[in-house]
Each structure stands twice: as structure tokens, then as C-alpha cells.
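Thanks for coming, everyone. Please bring the model up on your screens. I will start with a question once you have it.

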There are 2 protein chains.
Amino acid sequence: MTTRPRPQKDRHQEILDAAARVITERGLAETRISDVAEAAGVSPGLILYYFESKDRLLSEALTYANDQFYLRMSREIRRIPSAKEQLQRLVDLSVPGYLPEYGRLDEWALWIEVWVRALRDPQMAKDREALDQRWRQSIADIIRAGQAASEFGPGDADELAMRIGSLIDGLAIQVIMNDSQVTPQRMHRAVWDVTARELGFDLEPAAT
Amino acid sequence: MTTRPRPQKDRHQEILDAAARVITERGLAETRISDVAEAAGVSPGLILYYFESKDRLLSEALTYANDQFYLRMSREIRRIPSAKEQLQRLVDLSVPGYLPEYGRLDEWALWIEVWVRALRDPQMAKDREALDQRWRQSIADIIRAGQAASEFGPGDADELAMRIGSLIDGLAIQVIMNDSQVTPQRMHRAVWDVTARELGFDLEPAAT
DNA sequence: CGCAGATTTGAACGGCGGGTCAAGCCGGCG
DNA sequence: CGCCGGCTTGACCCGCCGTTCAAATCTGCG
């Protein structure tokens with residue numbers, strides 16, 4: 001009770017990581033406890049020792065993975081000084097498969113699993129909303145910063161963030177699905193183009 | 001062999017309809033054959049008499065349902081003479097829950113199930129791409145018609161269709177998820193607003 | 001009416017996989 | 001060194017559900 005806050009945290013995280021990997025690979029529906037155990041290099045029984053049920057494990061793994069994803073992106077963007085370049089970087093990172101070294105296609109696929117699950121699982125619904133809100137928020141923050149620095153034109157930052165974020169979501173789906181019409185490059189151009197128009201700047205630095 | 005083209009088609013469709021209803025209600029993952037049987041008012045065995053496996057049944061049901069959805073919308077829009085009003089109607093119908101009498105929230109949810117499944121099922125991936133392509137196509141057609149009639153400004157209709165369609169998708173997800181920030185009204189305004197700007201017309205008829 | 005084939009039923013099978021548990025293991029502490 | 005409690009194992013249990021199948025029913029036709 002007293003000194004047990006973080007000792008087993010390792011296992012906890014290891015399992016969540018393993019679960020995220022398995023879900024990415026096999027899909028939520030096809031993920032078995034034994035798969036996660038194998039991926040984590042432990043016995044199936046141990047999984048249920050750390051998580052009270054398969055459902056809880058999978059839910060936690062999904063939010064955990066998306067959280068990590070966000071944190072990684074967020075950390076990187078925070079370093080960049082100019083708002084416009086921050087936004088540019090955010091767009092680059094938001095296009096699945098655009099930067100080869102980053103964000104493999106499958107990571108995005110986890111979002112879709114989250115959505116499906118959120119349709120029925122109230123906890124997941126709540127988590128999803130929080131995740132999305134934070135995402136829109138960071139876009140809005142960049143926009144506000146850019147407006148303050150006169151890099152962008154005026155406009156309701158939250159509204160603009162919603163629009164840009166949603167456009168990204170909608171296009172990302174097609175890209176993840178490997179749609180023959182919607183390639184990463186085409187998505188990138190579209191997003192950046194619309195962003196420029198909505199924020200009222202020119203898009204000289206077209207390529208990255 | 002000779003006179004069997006359509007006699008059992010009834011059952012086939014009845015079952016697909018039932019399956020779509022059950023999936024909408026319970027979610028793909030939780031749908032059992034016996035649920036579909038019950039919903040269709042037949043015995044479980046019969047389901048497997050008409051469909052070679054649960055998987056096939058569910059896949060077919062998903063594409064079938066989305067197909068119906070599209071057909072319904074398409075049929076209605078074709079009646080409208082002006083391109084701008086066609087587009088307006090399309091937007092109205094595309095916002096989940098915007099028109100109370102139409103397109104219940106759950107119908108949209110089927111799309112998400114399609115996406116998840118398409119990630120792993122090649123047949124479903126192919127169907128999904130066809131469905132999406134047709135959808136973008138109809139938007140593009142309206143745009144082209146509007147441009148020909150000088151209702152809209154110039155621009156690559158396919159590109160514009162992709163952008164508008166994707167924005168709709170991205171926003172619709174949030175609305176389906178019941179996001180507290182993204183209400184149907186707000187989505188509607190955003191879509192129509194962006195559409196107006198991209199197509200270069202004014203948005204006097206704001207409300208429907 | 002009686003037969004053939006298609007349709008429909010529902011009981012039964014079989015495997016899969018989530019969850020349980022009794023038994024070992026291990027590290028620290030007295 | 002030996003004990004204690006948390007950690008870990010893997011075999012086992014058990015219900016669920018997709019699928020099969022033999023039998024019942026129905027349909028139209030001669």
C-alpha cells in the first residue's frame with residue numbers, strides 16, 4: 001500500500017507496448033491474450049495478473065499508444081521557433097507515410113480501432129474525446145502563436161484548427177487505406193494548400 | 001440452373017438487411033450469426049445456407065448497407081436542378097444528425113466498421129475503394145456541372161471533390177462520436193463555409 | 001396424389017480462447 | 001539460512017459460437 005506506486009510499472013508498460021504492437025499487426029478483433037503474452041515474452045497468465053480483463057487491456061493499450069504518438073509529435077514540434085514551420089512540420093508528420101522515417105502507416109490505423117471501440121465503450125469514448133481535443137488544441141495553439149506573430153491572418157483559431165484537423169483526418173483515412181487516388185503526396189499538397197488559404201499566407205516552401 | 005436467378009434473392013436480401021441492422025446496433029465485433037438469424041426471423045442454420053461463412057456475410061452486409069445509403073442519397077440529389085442546391089443538399093445529408101428525419105447517426109457508424117475491416121480484408125479493401133471513389137465522383141460531377149453553368153468558379157473538380165469529401169469524412173467522425181465540440185450544426189457551417197470558399201461562391205442561403 | 005429438389009430447422013459437434021488456479025520461483029529481510 | 005510475499009507459470013476449465021448435418025417441410029410439377 002505504501003511503497004507500491006511504480007515498481008511493477010515496468011511490466012505494465014511492457015505489456016501495453018506489446019499489446020499495441022500486436023493490435024497494430026493483427027487488428028483489435030484478432031488479438032488474443034496469448035498473442036500479447038508472446039509479444040511481451042511472458043506467460044498468458046501474467047497478462048491477467050496485471051490487467052483485469054482482455055477488454056480493459058486492449059482499451060488501455062489503444063489510448064496508451066495514441067498518447068505516445070501524440071507526445072512524440074508534440075515534443076518535436078515544440079522545438080521549432082516559427083509558427084508557420086511548426087505547422088508545416090505538423091502537416092508533414094500528419095500525412096501517413098509522407099516522411100519515410102516517421103509514423104508508419106499502421107500507427108494511424110490504431111485510430112480507426114479507437115473509433116470503432118468508442119462507439120460502444122463509454123470509457124473509450126471519453127478517452128477518445130480527450131485525445132482529439134488535445135490534438136485540435138495544439139493546432140489551435142500554433143495558429144494563435146502565428147497570428148500573434150503576424151505570420152497568419154486573423155480568424156477564430158479553434159474553428160480553423162477544427163477544419164484543418166478534420167481535413168487531415170479525412171484524408172489520412174484514405175491514405176491509410178492505400179487508396180490509389182489519394183497518395184501521401186497528394187494529401188500533403190491538399191492539406192498544405194487549404195491551410196495556406198485558410199490562414200492567409202503564401203505557400204512558397206512547398207516541398208519539405 | 002435455368003430458372004434460379006432471383007427466386008431466393010429475397011432471402012438473400014432479407015438476411016443482408018437484418019445483418020446490417022444488427023451490425024449497426026451491436027457492432028461488427030459483437031454480431032453473432034444467431035443475432036442475424038433472430039433479426040431476420042429465421043433459424044441460424046439458414047444463414048449458413050445462404051452465405052458460406054460468417055465473415056462473408058458480414059463483409060457483404062457492410063458493402064450492401066453502404067451501397068444502399070449512397071443510392072438513396074444519390075437518387076434524391078439527382079432530382080435537384082441547380083448544382084449549387086445539389087451540393088447544398090449533399091452537404092445537408094452528409095452531416096450526421098443534421099436533418100432529423102434522415103441518416104441516423106448509426107448509419108454512418110457502418111463506415112468506420114468498413115474501414116477497420118478493410119485494413120485486413122483485401123476484398124473489403126477493394127469494395128471500400130470503389131465506394132469511396134463513387135462518392136468522390138458524384139461530388140466532382142456536381143462541381144463540374146456547376147462550373148459549366150458558371151455557378152462555381154474554376155478549379156480541378158476532382159481535387160476539389162477530394163478536399164470537400166475528406167473534410168466531410170473527418171468532421172463526420174467527430175459528430176458520430178458525439179464530440180461535445182463538434183456538433184452537427186458546427187460541422188455543417190464549417191463544411192458549407194469551406195465549400196463556398198473553395199468553389200468561389202457566396203453563402204447567402206446559409207440555413208436549410 | 002406423389003415425387004424430386006429446394007428450403008428450413010434445430011440439435012449436436014468441436015475448437016477456440018478468456019479466465020482461474022495451484023503450484024513453483026525469486027528476492028529481500030530477519 | 002529460511003521464511004514471506006509478491007511475481008510468474010502453464011495446465012485446466014468452461015462457455016460460447018461458428019459450422020455441420022440429418023431430418024422435416026415446403027413447392028411445383030406430372
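Which residue takes a positive phi just after α2(B)? The residue is B:G41, and its phi is about 75 degrees. Chain A has a counterpart to look at: α2(A) is followed by A:G41, with a positive phi near 70 degrees.

Now the ground rules. This is a predicted model, where local features need pLDDT of at least 70, side-chain atom pairs count only at pLDDT 80 or more, and totals for chains, interfaces and linings use all residues. Residues are numbered from 1 along each chain as its sequence is written, while chains are lettered from A and ligands numbered from 1 in the order in which they are written.

Let's take chain A overall. It has nine helices and zero strands. Helices (H or I, at least four residues) and strands (E, at least two) are DSSP runs, numbered from the N terminus. Along the sequence, the pattern reads α-α-α-α-α-α-α-α-α. The C-alpha atoms fill a box of roughly 60 × 45 × 30 Å, taken along the principal axes. Chain A has 208 residues, and 40% of them are buried. Buried means that 20 or more other C-beta atoms lie within 10 Å of the residue's own; exposed means 12 or fewer, partly exposed is in between, and C-beta atoms are placed from the backbone. Next, contacts: two residues are in contact if their C-beta atoms, placed from the backbone, lie within 7 Å. Among the contacts in chain A with a separation of 6 or more, 61% join residues 24 or more positions apart.

Back to α2. In α2(A), the residues A:V36, A:A37 and A:A40 are buried. Seen down the helix axis, the buried residues fall within an arc of 100 degrees, so they line one face of α2(A). The arc is that of the directions from the helix axis to the C-beta atoms. In α2(B), B:V36, B:A37 and B:A40 are buried. Their arc around the axis is only 100 degrees, which puts them on the same side of α2(B).

Where does A:V36 make a contact? One of its partners is A:A19. Leaving aside neighbours within four places in sequence, A:A19 is in contact with A:V36, A:L57, A:L58 and A:A61. A:A19 also belongs to the largest nonpolar core, which has 115 residues. A nonpolar core is a set of buried Ala, Val, Leu, Ile, Met, Phe, Trp, Tyr and Cys residues joined through C-beta atoms within 7 Å. In that core, A:A19, B:A19 and B:W115 touch the most other members.

Now a loop. A:I80 sits between α4 (54–78) and α5 (83–94) of chain A. Is A:I80 buried or partly exposed? A:I80 counts as partly exposed, because it has 15 C-beta neighbours inside 10 Å. Not counting residues up to four places away in sequence, A:I80 touches A:E85, A:Q86 and A:R89.

Next, the two chains together. A rotation of 180 degrees with 0.0 Å of shift along its axis superposes chain B on chain A, with an RMSD of 0.0 Å. That is the relation of a two-fold axis. The superposition is by least squares on the C-alpha atoms of residues with pLDDT of at least 70 in both copies.

How many residues of chain B are in contact with chain A? There are 32, and they meet 32 residues of chain A. On the chain B side, α6 (105–118), α7 (122–148), α8 (157–176) and α9 (184–199) each give two or more residues. The largest share, ten residues, comes from α8(B). By class, this side of chain B has 17 nonpolar, seven polar and eight charged residues. Ala, Val, Leu, Ile, Met, Phe, Trp, Tyr, Cys and Pro count as nonpolar, Asp, Glu, Lys and Arg as charged, and the others, Gly among them, as polar. The copies meet through the same surface, because 100% of the interface residues of chain B are also interface residues in chain A.

Last, the DNA. A residue is near a strand if its C-beta atom, placed from the backbone, lies within 6 Å of it. Around DNA strand D there are 17 residues, and the closest are A:V42, A:S43, A:G45, B:I33 and B:K54. α3(A) gives the most to that surface, with four residues. DNA strand C also has 17 residues around it, with A:I33, A:K54, B:V42, B:S43 and B:G45 coming nearest. There, the largest share, four residues, comes from α3(B).
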